[in-house]
Amino acid sequence: MAPPALPLLALCSGLALALCAASSGGGSATGEQLFKAWASQHRREYRSEEEFRHRLSIFLDHKQKIDKHNAGNSSFRMGLNQFSDMTFTEFRKKYLWREPQNCSATMGNFLRSSGPYPSAIDWRKKGKFVTPVKNQGPCGSCWTFSTTGCLESVIAIRTGELLNLAEQQLVDCAQNFNNFGCNGGLPSQAFEYILYNKGLMDEEDYPYQAKNGTCKFQPQKAVAFIKDVVNISLYDEQGLEQAVGTYNPVSFAFQVTEDFVHYQEGVYTSTDCQQTPDQVNHAVLAVGYAEAAGLPFWIVKNSWGPEWGMDGYFNIERGKNMCGLADCASFPVPLLL
């Protein structure tokens, strides 16, 4: 049996009662009620009626764009989520790289073979090889989550032990390798840091803070080590496919544009994003690839929490370097002690 409907005031949970009462009378009441229900679900609190109205306007604008998109013939659907009261400018400032990262500076050293590799693969289904989706919070540290996710999987595939590695160590300590903490970085450069730093600690010993901090690395507590870094050549998406199909999940970066923020399900494609290495602004982890209805796609682990997208994952079109996803892909070779 469905739970009883909450009264309008109850939907506001944390908003001032006067604000709720004022917004319940007339106007776009349906849109406001939806926004209040959304705000309650996501525990949003607004400091004034002016801020409430501002966020309501942004929310309704997103909803209009989402409804228009979903009414069309697209390979993916959009939906309201935890970011629906933010402008893309605000989102970009909090969650994406602020420092430009030119992936073309990374030399490719992945040796493609002529041997066969699977037509489809999903490392999540092959064993306990992929850690649960994490949440980077309001910090442009996606590159650290792509890095740890990849290294966690690489070690698990080779040893059977699935570690939970420390993103915060990378945020705090990897600046000498051209990384910028919450302002951005590249997995390839983070792998180099781990190699030369001689180790990465466990999340439990170096917990994530979602903000820049001072380096607190303790060498004796390092649990994950790297002996080499493999970089896939710029634009070589087939090489990326062979690496994922043959070896392990692979870190990559791409350009997030406004519609991607509200991705919900399906195969993401875009005509707005760029394919050049100087435009990528978000790093993620390819855990597999497949094809549906004749459309090939990547299966990708994100770092915006399990409530975003498809339980924290998304699919993105494969074979067209969509949004520059083949511009700077890399993975580590673990040093097993």
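In this predicted model, the structure holds 34 aromatic pairs. One of them joins phenylalanine 91 and tryptophan 304. Their ring centres lie 5.1 Å apart with the planes at 85°, so the pair is edge-to-face. Phenylalanine 91 is buried, as is tryptophan 304.

Tyrosine 289 and tryptophan 298 make another aromatic pair. Here the ring centres are 5.7 Å apart and the planes meet at 80°, so this pair is also edge-to-face. Tyrosine 289 has a relative accessible area of 0% and is buried. Tryptophan 298 is likewise buried, at 0% relative accessibility.

Charged side chains also lie over aromatic rings. Arginine 124 is placed over the face of tyrosine 313, 4.3 Å from the ring centre. Lysine 126 lies over the face of tryptophan 123, at 5.6 Å from the ring centre.

Side chains of opposite charge can pair when their charged atoms come close. A search of the whole structure finds 16 salt bridges. Among them is the bridge between arginine 112 and aspartate 236, with the closest N and O atoms 2.8 Å apart. This pair, too, links distant parts of the chain, 124 residues apart. Arginine 112 belongs to the loop between helix 4 and strand 2 (121–122). Aspartate 236 belongs to the loop between strand 5 (226–231) and helix 8 (237–246). Arginine 112 is partly exposed, at 40% relative accessibility. Aspartate 236, at 16%, falls under the 20% limit and therefore counts as buried.

Lysine 134 forms a salt bridge with glutamate 167, and the closest N and O atoms are 2.7 Å apart. Lysine 134 lies in the loop between strand 2 and helix 5 (142–159), while glutamate 167 lies in helix 6 (residues 167–173), so the bridge ties together parts 33 residues apart in sequence. Lysine 134 is buried at 14% relative accessibility. Glutamate 167 is buried at 0%.

Glutamate 241 and arginine 318 meet in a further salt bridge (3.0 Å, N to O). Glutamate 241 is in helix 8 and arginine 318 is in the loop between strand 10 and strand 11 (330–334), so parts 77 residues apart in sequence are tied together. Glutamate 241 has a relative accessible area of 15% and is buried. Arginine 318 is buried at 9%. Salt bridges with shared partners also join Lys134, Glu152, Glu167 and Glu203 into one network.

The structure holds 2 cavities of 30 Å³ or more. The largest cavity has a volume of about 90 Å³. Of its 13 lining residues, Phe145, Ser146, Lys301, Asn302 and Ser303 are the closest to the centre. Helix 5 and strand 8 (282–292) each supply at least two residues of this lining. Helix 5 gives the largest share, 5 residues. By class, the lining has 4 nonpolar, 6 polar and 3 charged residues.

The second largest cavity has a volume of about 40 Å³. Its lining consists of His62, Phe83, Met86, Thr87, Phe88, Phe91, Glu258, Val261 and His262. Helix 4 and helix 9 (258–261) are the elements that give two or more residues to this lining. By class, the lining of the second largest cavity has 5 nonpolar, 3 polar and 1 charged residues.

Conventions. Residues numbered from 1 in each chain as written. Predicted model: local features only at pLDDT ≥ 70, side-chain atom pairs only at ≥ 80, totals over all residues. Heavy atoms only, no water. Phe/Tyr/Trp six-rings, centres within 6.5 Å; stacked < 30°, edge-to-face > 60°. Buried < 20%, exposed > 50% of the residue type's maximum accessible area, 1.4 Å probe, protein only. Lys NZ or Arg CZ within 6 Å of the ring centre and 35° of its normal. Salt bridge = Lys/Arg side-chain N within 4 Å of Asp/Glu carboxyl O. Helix = DSSP H or I, 4+ residues; strand = E, 2+ residues; numbered from the N terminus. 1 Å grid on protein atoms, 1.4 Å probe; cavity = no way out; pocket = protein on both sides within 12 Å on 5 of 7 lines; lining within 4 Å. Points joined across faces, edges and corners; volume = space filled by probe spheres on them. Nonpolar A, V, L, I, M, F, W, Y, C, P; charged D, E, K, R; others polar.
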